[in-house]
Amino acid sequence: MLRFILGKFVFMVFSLFLLVTATFLLMNAIPGSPLQSEKAPNETVQKNLEAYYGLDKPLYVQYGKYMANLLQGDLGISMKKKFQSVDKMIANSFGPSLRLGLSAIVTSVIVGCILGMIAAMHHRKILDNVAMIIAVIGMAIPSIVLAPLLQYYFAFKWGFFEVAGLNAPLDYVLPTIALASGPIAFIARLLRSTMIEVLNADFIKTAKSKGLSGYVIVARHALRNSMLPVVTYLGYLTAGIITGSVVIEKIFAIPGIGKYFVQSIIDRDYPLIMGITIFYAVILMVTRFLADIAYVLIDPRMRASGGKGAK
Amino acid sequence: MKGNFKKPVQFMLVLVIAFSMLLAACSSDNNKPTPSNNGGTNNGGETKAPQEFRFTIGSEPPSLDPALMTDAQSGIVASGLYEGLTRLNTKGEPENAIAKEIKASEDGKTYTITLREDAKWSNGDPVTAHDFEYAWKRSLNPETGSEYAYMLFYIENAEKFNSGEGTADEVGVKATGDYTLEVQLNSPAPYFPSLLAHYTYLPVHEGTVDGKPEWAAEANTIVSNGPFVLKQWVHADKLLLEKNPDYYNKDAINFDKVTISIVEDESTVFQLFETNKIDWIGAQAGSVPPDLTKKMIDEGRAEVTSVASVYYYLFNNNKVPFNNAKVRKAFSMSIDRQSLIDNVAQANQQPAYGLVPPSIAGPDGKMFREVYPDTGYFQENADEAKKLFEEGMAELGLTAFPEVTLLYNTSEGHKKLAEAVVDMWRKSLGVEVKLANQEWGTFLESRKAGQFDIARSGWGADINHPINFTFDLIHPKSGNNDGKYNNPKVEKLLDDSLVASSSEESMKMMAEAEKVAVSEDMGVLPTFYYTTVTMLKDGFEGVISDYSGHLDWVHGSKK
């Protein structure tokens with residue numbers, strides 16, 4: 001197990017290095033610069049600024065300097081938000097995204113699992129159809145449509161919630177629904193299909209023959225065996241959701257990290273682009289890594305092959 | 001194998017691992033302030049309810065350091081935090097602020113400014129002439145990395161110092177006493193008192209700023225001298241300002257508390273306004289959503305103000321077919337500007353036949369456009385345009401219209417306008433112009449490099465003076481003249497305008513240059529002057545949009 005974890009870790013560091021290098025090169029390859037502005041800058045001023053940010057140096061010098069700083073844990077300061085350090089910007093904006101993301105993940109797992117269970121237990125009956133219709137609707141309406149709709153009716157028209165912001169617990173409701181609708185649908189469908197299979201397995205028949213009630217069977221025996229794909233998906237979902245959503249953040253005016261991801265590129269804010277990319281990569285790798293471990297714990301078969309895989 | 005169940009504990013463990021990281025990080029970030037936990041400041045024995053003004057801005061101020069500010073958002077916040085030598089009044093005219101008296105020498109090149117002695121920094125130190133000298137020289141210092149340093153290049157040897165050739169001592173600004181500032185200019189600049197109100201000319205507190213470039217990135221490290229102090233700055237979320245009890249003219253300030261939230265989405269801003277969470281909507285807040293603009297104006301709830309910005313298209317003057325004036329004119333004359341405004345732009349913009357917008361001040365206390373109207377520069381006329389177009393094509397020796405592309409930066413609004421314009425050309429001139437869009441950074445690079453036939457452009461004012469729209473746009477040596485329009489006559493008029501004997505004479509030459517550039521040459525294609533659509537909650541007074549459409553809230557009050 002330890003060797004398995006160590007192997008994964010070394011691989012993570014290596015991929016991170018590749019990613020940083022590739023991002024650095026690509027970022028510098030796109031036209032435009034952090035100093036771009038509609039008004040033609042004065043030449044003197046332009047030169048000063050280039051020297052100030054080290055942009056007048058050859059690319060390999062800039063790269064070397066960045067890597068040296070990075071190794072010391074220094075992500076630099078933003079070129080657009082003057083003298084805000086990138087690590088602080090990420091830390092501050094990650095809070096709201098994380099809290100919202102968490103609430104969306106918990107919601108989607110609970111609601112998605114319940115829907116999926118209901119559908120599987122009532123396979124090919126009315127409840128199955130109802131649950132799956134809800135799931136399809138959730139999949140089909142993108143958050144860019146759902147969020148303004150929720151906002152317009154529940155906040156603006158009927159006044160149940162605040163239009164924007166994340167100041168009180170109730171403020172989380174609308175953005176959470178908007179964020180969770182897709183994952184709920186996905187989890188419900190995923191769980192349904194696996195559970196239908198599991199419910200037909202021999203050990204369930206045994207349980208039934210022991211006289212256990214339907215709900216006990218599902219809760220005790222079937223659910224656990226059907227969770228595997230959901231756990232896999234959770235790894236991706238967590239990474240995707242806690243890193244913020246540009247659309248949701250914009251519509252509900254949430255000071256999250258998602259918007260920096262897009263804005264930093266539009267601004268060509270090099271240090272922020274790098275910082276966010278690294279941060280995203282680490283989150284993605286860590287969540288994948290945790291999902292891998294969860295996998296091993298949940299399914300003994302994986303433990304054997306996982307150990308072998310890492311040699 | 002399948003029946004190999006262990007204790008439920010193991011299943012719980014899985015869940016714990018999956019969420020442990022999330023939960024752990026969750027508790028670490030609890031510094032989020034609850035709204036309105038700071039009541040209004042109680043001034044004196046008065047029991048008057050605290051006055052609060054709340055509005056949104058579309059993006060966070062990139063900096064609140066006067067040397068580093070470049071945008072409207074920073075400017076709006078800074079106007080509350082800092083006080084310069086002058087401040088523009090509601091008509092856009094400079095009024096003395098920290099300055100008590102501004103005296104210009106005979107030749108207009110030396111200014112002697114006497115400062116008031118009762119102004120204080122928020123840490124209690126007096127505001128002196130040394131603070132201004134320090135601030136300006138700091139902006140000019142190449143090591144500060146100030147983008148707007150060129151705003152100070154009117155001062156003698158300022159550019160030399162900024163380019164690294166001169167020294168700070170040579171720069172023509174000197175505090176000759178604690179409350180006297182002497183400024184030497186390169187050439188007379190009658191609008192210098194207006195310039196003094198610009199944020200690049202704001203003072204900074206030396207002890208706070210020196211050696212600490214990050215001083216203006218957090219609320220608790222900012223030392224300011226204006227009518228308000230920054231109480232709280234939650235990055236990317238909101239700024240909280242409170243009335244400065246030590247401000248020298250605090251009786252003129254009515255708001256006790258100002259909350260500025262950062263909200264990007266226009267329809268969210270509108271809904272916040274309608275649910276009584278904010279008191280103002282305007283340009284810097286992202287404006288009223290376009291689909292609601294007409295309704296709001298018709299209901300009398302929104303107000304349209306002109307803004308010192310012009311929307312125009314650049315012709316590549318060096319490239320066939322737009323190296324021919326007749327072709328350029330034909331393209332301009334075949335656009336129905338009013339129809340473009342009514343059907344596409346839809347915010348009561350004003351048709352532009354020139355470059356200087358109507359809100360720019362002119363000579364003798366009048367507006368520039370009142371004295372020099374642009375309506376006679378040329379007429380929209382499809383038949384005339386067609387004739388000119390054919391003449392131009394003949395002059396160029398072309399039988400078929402070459403392939404031409406209109407380039408714009410990616411945006412739904414620009415796209416709609418470009419499509420409408422191309423359609424008008426198709427109908428009246430029978431030409432097919434292609435459309436291409438590029439992401440902002442790429443677009444700017446293409447435009448600078450002259451890689452276009454026609455390119456979308458917009459231009460706003462830094463100061464309330466026609467020089468912004470003449471020198472910058474049509475002078476052959478201007479770095480913003482991306483279409484490379486070049487007429488020696490215009491160049492001479494503009495150069496002469498700088499050394500003209502009076503401000504009136506100077507503006508007359510600028511107007512003449514503009515007329516030649518548009519009426520005779522059509523070096524660029526003006527389409528409309530921008531407007532801003534604003535909404536203000538009942539009971540507020542003195543909250544206005546200034547000449548450039550920027551919110552001016554500092555002297556507002558609430559009934």
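How are α7(A) and α10(A) oriented relative to each other? They are roughly antiparallel, because their axes cross at roughly 170 degrees and an angle over 145 degrees counts as roughly antiparallel (under 35 is roughly parallel, 65 to 115 roughly perpendicular, the rest oblique). The points below set this out along with other features.

1. Basis of the note. This is a predicted model, in which local features need pLDDT of at least 70 and side-chain atom pairs count only at pLDDT 80 or more, while totals for chains, interfaces and linings use all residues. Residues are numbered from 1 along each chain as its sequence is written, and chains are lettered from A and ligands numbered from 1 in the order in which they are written.

2. Overall build of chain A. Chain A has 14 helices and zero strands, where helices (H or I, at least four residues) and strands (E, at least two) are DSSP runs numbered from the N terminus. Its C-alpha atoms fill a box of roughly 85 × 60 × 30 Å along the principal axes. The domain assignment, whose bounds come from an automatic or database source, gives domain 1 (11-71) and domain 2 (98-255) of chain A. The C-alpha centres of domain 1 and domain 2 of chain A are 42 Å apart.

3. Record annotations on chain A. An unreviewed UniProt entry lists residues 94-291 of chain A as "domain: ABC transmembrane type-1"; positions are given in the numbering used here, feature names are shortened, and annotations may be inferred rather than shown by experiment. In the model, residues 94-291 of chain A are 80% helix and 0% strand, with 21 Å between the end C-alpha atoms. The unreviewed entry also carries the annotation "transmembrane region" for several spans of chain A, including 9-30 and 172-191. Residues 9-30 of chain A are 95% helix and 0% strand, and their end C-alpha atoms lie 32 Å apart. For residues 172-191 of chain A, the values are 95% helix, 0% strand and 26 Å between the end C-alpha atoms.

4. The helix pair in chain A. The axes of α7 (residues 173-199) and α10 (residues 228-242) of chain A come within 10 Å; axes are lines fitted to C-alpha atoms, for helices over the stretch in contact, and angles run from 0 to 180 degrees between N-to-C directions. Residues of α7(A), among them L179(A), F186(A) and L190(A), meet residues of α10(A) that include V230(A), Y233(A) and L237(A). Contact here requires C-beta atoms, placed from the backbone, to lie within 7 Å. The residues of the contact of α7(A) with α10(A) divide into eleven nonpolar, one polar and no charged. In this division Ala, Val, Leu, Ile, Met, Phe, Trp, Tyr, Cys and Pro are nonpolar, Asp, Glu, Lys and Arg charged, and the others, Gly among them, polar.

5. The contact between chains. On chain B, 53 residues are in contact with 50 residues of chain A. The elements giving two or more residues to this side of chain B are α1 (8-27), α4 (158-162), α7 (266-274) and α14 (440-448) of chain B. With ten residues, α1(B) gives the most. This side of chain B comprises 22 nonpolar, 18 polar and 13 charged residues.

6. A sheet in chain B. Four strands form an open sheet in the order β4-β5-β7-β6 (chain B), with antiparallel pairing; two strands pair if DSSP finds at least two bridges between them. The edge strands are β4 and β6 (173-177) of chain B, each of which pairs on one side only. Neighbouring strands of this sheet are turned by 20 degrees against each other on average, direction ignored. Helix α3 (residues 129-140) of chain B packs on the sheet and touches β5, β6 and β7 (180-184) of chain B.

7. Five bridges join β4 (residues 99-104) to β5 (residues 110-115) of chain B. A104(B) has Y111(B) as its bridge partner, and K103(B) has T112(B). Five residues lie between β4(B) and β5(B), and G108(B) in the turn has a positive phi of about 75 degrees.

8. Backbone details to inspect. Most residues other than glycine have a negative phi, and most peptide bonds are trans. R124(A), which is not a glycine, has a positive phi of about 65 degrees and sits in the loop between α4 (86-121) and α5 (126-140) of chain A. A cis peptide bond, with omega about 0 degrees, joins V320(B) and P321(B). P321(B) belongs to the loop between β12 (303-315) and α9 (325-333) of chain B.

Note on methods. Two residues are in contact if their C-beta atoms, placed from the backbone, lie within 7 Å.
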